[in-house]
Structure formats: C-alpha cells, structure tokens
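Subject: Structure handover

Hi,

Here is the structure I promised to pass on. My notes follow below it.

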Amino acid sequence: QVQLVESGGGLVQAGGSLRLSCAASGSIFSINDMGWYQQAPGNQRELVASITRGGSAKYADSVKGRFSISRDNAKNTVYLQMNSLKPEDTAVYSCNAKVVTTSRALLSVWGQGTLVTVSS
C-alpha cells in the first residue's frame with residue numbers, strides 16, 4: 001500500500017502565496033514522475049505542474065512564472081510553491097505519484113486533495 005498526504009492549502013488573498021506539500025509513504029521502492037493537479041468547481045481535473053525524478057519540470061501555461069514545483073527524493077515529497085495567486089487559481093489541488101512498489105508493481109497514486117481559496 002502507498003499513501004499520499006497533502007498539506008498547505010487554505011484561504012489567501014489575491015497576490016499572496018501558499019506552499020503545498022505532498023508526502024508519499026508505504027511500500028515504496030522508487031517514485032518516478034510526480035505532479036500537481038487542480039479541479040475547480042464544475043471543471044475537469046487539469047495538470048498544473050509535473051516533475052521527473054531527475055528534477056525536470058513542466059507547467060501549465062496558466063501558472064508559468066508564478067508556480068514552482070520541486071521534490072525531495074529522500075523524503076518522497078513533492079512541493080508546489082504558488083506565488084501571485086489569482087482568484088481563478090481557486091480549486092482543489094491533488095498530487096499524483098507514479099510509484100514503483102517494493103514488489104516492483106507500478107502504481108498511479110492520488111492524494112486526497114487540499115482546497116486552495118483565493119479571495120479578491
């Protein structure tokens with residue numbers, strides 16, 4: 001079993017910053033790509049940012065220059081630093097990890113999600 005636990009969401013004013021964390025635990029051999037997704041009310045879940053094990057990152061156009069993804073492989077943790085937040089960033093943010101388990105199975109694991117609310 002592998003679990004992802006997110007933290008760091010909350011209420012912030014427009015222009016403010018938040019830092020999300022997502023820690024993986026369980027029967028982990030290694031973690032390949034990790035990513036953050038957002039789902040606003042009435043919308044589909046969309047990729048915000050992803051990062052490879054080697055640290056190569058990709059971003060959605062809507063967050064380029066404002067958000068930064070990073071990871072600590074020793075802690076099996078991925079972070080999302082969100083700056084210059086806008087009301088349209090309001091969403092539930094979920095992390096995802098492509099995990100190789102100790103039995104060498106490949107799993108796509110999701111966290112429970114954390115709500116980010118940006119007030120105008």
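This is a predicted model: local features need pLDDT of at least 70, side-chain atom pairs count only at pLDDT 80 or more; totals for chains, interfaces and linings use all residues.

How far is E6 from the nearest side chain of opposite charge? The answer is 8.0 Å, and the side chain is that of R45.

**E6**

E6 sits in strand β1. E6 is buried and has no salt bridge.

What does the side chain of E6 reach instead? Two backbone nitrogens. One belongs to C95, and a polar atom of the E6 side chain lies 2.6 Å from it. The other belongs to Q112, at 3.1 Å.

Leaving out residues up to four places away in sequence, E6 touches S21, C22, W36, Y93, S94, C95, G111, Q112, G113 and T114.

**The core**

The largest nonpolar core has 29 residues. Which members touch the most others? They are W36, F67, V78, L80, M82 and Y93. Strands β1 (2–7), β3 (18–26), β4 (28–39), β5 (46–51), β7 (67–72), β8 (77–82), β9 (91–101) and β11 (114–119) each put in at least two residues. β9 gives the most, with five. As a rule, nonpolar side chains in soluble globular proteins tend to be buried together.

Y93 links this part to the previous one: E6 is among its contacts. Neighbours within four places in sequence aside, Y93 also contacts L20, W36, Y37, Q38, V48, F67, L80, M82, G113, T114 and V116. Of these, W36, F67, L80 and M82 are also named above among the core members with the most contacts to other members.

**Salt bridges**

How many salt bridges does the structure hold? Two.

- K64 and D61: the side chains meet at 3.1 Å, N to O. K64 is exposed, at 51% relative accessible area. D61 is exposed too, at 63%.
- R66 and D89: the side chains meet at 2.7 Å, N to O. R66 lies in the loop between β6 (57–59) and β7, and D89 in the loop between β8 and β9, so the pair ties together parts that are 23 residues apart in sequence. Both R66 and D89 are buried.

Best wishes

Conventions:
Residues are numbered from 1 along each chain as its sequence is written. Side-chain values use heavy atoms; hydrogens and water are left out. A nonpolar core is a set of buried Ala, Val, Leu, Ile, Met, Phe, Trp, Tyr and Cys residues joined through side-chain atoms within 4.5 Å. Buried means under 20% relative accessible area, exposed over 50%, partly exposed in between (1.4 Å probe, protein chains only). Helices (H or I, at least four residues) and strands (E, at least two) are DSSP runs, numbered from the N terminus. Contact means heavy atoms within 4.5 Å. Lys and Arg count as positive and Asp and Glu as negative; His and the chain ends are not counted. A salt bridge is a side-chain nitrogen of Lys or Arg within 4 Å of a carboxyl oxygen of Asp or Glu. A polar contact is a pair of N or O atoms within 3.5 Å; within protein, one must be able to donate a hydrogen and the other to accept it, and residues adjacent in sequence count only if both atoms are side-chain atoms.
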